[in-house]
Amino acid sequence: MRNLYHAARASAWYLARLPVIRQLRCLQFRRLQPIGNGRQRGTPIVRLRLLRREVWSCCYPRLGRVYQRARCGLPRKIWRSALAFKSNWLTLPLIRHLRCVQFRRLQPIGNGRQRGTPIVRYYWDRYLEAHKADIRGTALEIGTTETIRRFGGIAVTRAEAIDLSLHSPEVTVVADLSRADNAPSDHYDCFVNQFTMHLMYDAQAALYHSVRILKPGGVLLINFSCVDYYFPRGLDMGTGEPMFVYRWFTPIQVENMLRSLNLGPEDYTLDIYGNVFTRIAYQMNMPAEELTERELGFIDPGHPLLICVRVVKSADWRADKPDYRTPWKPGVTPAQWNRVRGHYAT
Ligand SMILES: C[S@@+](CC[C@H](N)C(=O)[O-])C[C@H]1O[C@@H](n2cnc3c(N)ncnc32)[C@H](O)[C@@H]1O
């Protein structure tokens, strides 16, 4: 009987330390008295460090050695599959639901460390997949040529990139898109302008040049962020200049920008992706893999996350060049982009 009691207590102790249970227990925090009315249970946190060392070395010397060996000597392959299992495990239905308990927090999940596919990228990939027939001939992209090559394949005969500096051999046009008077008119069959419009102060001028450089019949595939991480000190991606977030977009704002460039409904289609949950999940850094198809596919026009537009330039398109306006920029040291933390670079 006594053994049974000890076994039950030990399992409760282990269970209470499982990540999910730990998080669920935070639900108890909305209260006016300490948990258990202050009755002492377990080890006070201030004493835990000292004790942990003693417990591991004295009580479980073998277990400690096995753990160390597993950490240091486990073949890379097994370690990788363990990690893969961990991420699959996070997509199980019950776990997916429980993970939303994590949303009551002040920093994005994993401190912004990138895992899986960001939800906006998932939407954009779906959009490009549906319009990949447009990505062909002489095609242009911002920063790299990776997307146009991936979706266009052999239909792309010449892949070019535009950016603020010559930071890679793929960049063939060095220009600020919102001042791109030096880029030739009527030149490209397709321009994929992705995840950049919110970074341009003169978004209207950038949109004007995005259409101007297309051949008649050429296609602009462009997206507009409705919500995203704000770079408090700007972000340096090593691509020429630190970037600042000047705005996020609404569908009506985008339509107004298109119409003021003499583009009518016969020239463009506008699609919205997202809903209230994907907006929150994206901002909380939850990857698309952890959402269901239904959650991702549900479109709520009242809570857009990404606006995707396809413009076909007509042969008689004409528009006045918008007036250029110069933004004020703060004189601060920008955050440095890195692969692991992505935009949460600091
Ligand atoms: C967030 S990335 C988006 C594009 C990237 N290929 C991607 O898919 O994530 C922003 C890129 O746009 C470029 N950029 C920012 N402002 C620009 C501007 N005014 N004109 C041209 N490129 C700009 C940056 O240098 C950077 O390479």
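**Entry 1: strands E2 and E3**

I began with strand E2 (residues 156–163), which pairs with E3 in the parallel sense over 3 bridges. I then looked for a facing pair and found Asp163 opposite Val174 in E3. I noted that this is a predicted model. I also reminded myself that strands of a sheet pair through backbone hydrogen bonds, either parallel or antiparallel.

**Entry 2: the sheet**

In what order do the strands of the open sheet run? I read off E3-E2-E1-E4-E5-E8-E7, which makes 7 strands with mixed pairing. E3 and E7 are the edge strands, and each of them pairs on one side only.

Helix H9 (residues 203–212) does, and it touches strand E4 (188–193), E5 and E8. The direction of H9 makes about 145° with that of E5. Helix H10 (residues 251–259) also packs on the sheet, touching E5, E7 and E8. For H10 I noted an angle of about 165° with the direction of E7.

**Entry 3: Val171**

I picked Val171, which sits in strand E3 (residues 171–174). Is Val171 buried or exposed? It is buried, because 21 other C-beta atoms lie within 10 Å, and the cut-off for buried is 20 or more. Leaving out residues up to four places away in sequence, I found that Val171 touches Ala161, Asp163 and Leu166.

**Entry 4: the ligand**

Gly143 turned up again here. Of the 18 residues around the ligand, Gly143, Leu177, Phe195, Thr196 and Thr239 come nearest. I sorted the shell by class and got 9 nonpolar, 7 polar and 2 charged residues.

**Entry 5: helix H7**

I moved on to helix H7 (residues 119–130), which has 12 residues. From its first C-alpha to its last, H7 reaches 17 Å, close to the 16 Å expected at 1.5 Å a residue. Which residues of H7 are buried? I listed Ile119, Val120, Tyr122, Tyr123, Trp124 and Leu128. Their packing partners include helix H8 (146–152), strand E5 (214–225) and strand E8 (306–312).

**Entry 6: the whole chain**

Last, I looked at the totals. The chain holds 12 helices and 9 strands. Of its 346 residues, 27% count as buried. Among contacts with a separation of 6 or more, 70% join residues 24 or more positions apart.

Definitions and conventions
Residues numbered from 1 in each chain as written. Predicted model: local features only at pLDDT ≥ 70, side-chain atom pairs only at ≥ 80, totals over all residues. Near = placed C-beta within 6 Å. Nonpolar A, V, L, I, M, F, W, Y, C, P; charged D, E, K, R; others polar. Helix = DSSP H or I, 4+ residues; strand = E, 2+ residues; numbered from the N terminus. Buried ≥ 20, exposed ≤ 12 C-beta atoms within 10 Å, placed from the backbone. Contact = placed C-beta atoms within 7 Å. Expected span 1.5 Å × (residues − 1). Pairing = 2+ DSSP bridges. Axes fitted to C-alpha atoms, helices over the stretch in contact; angles between N-to-C directions.
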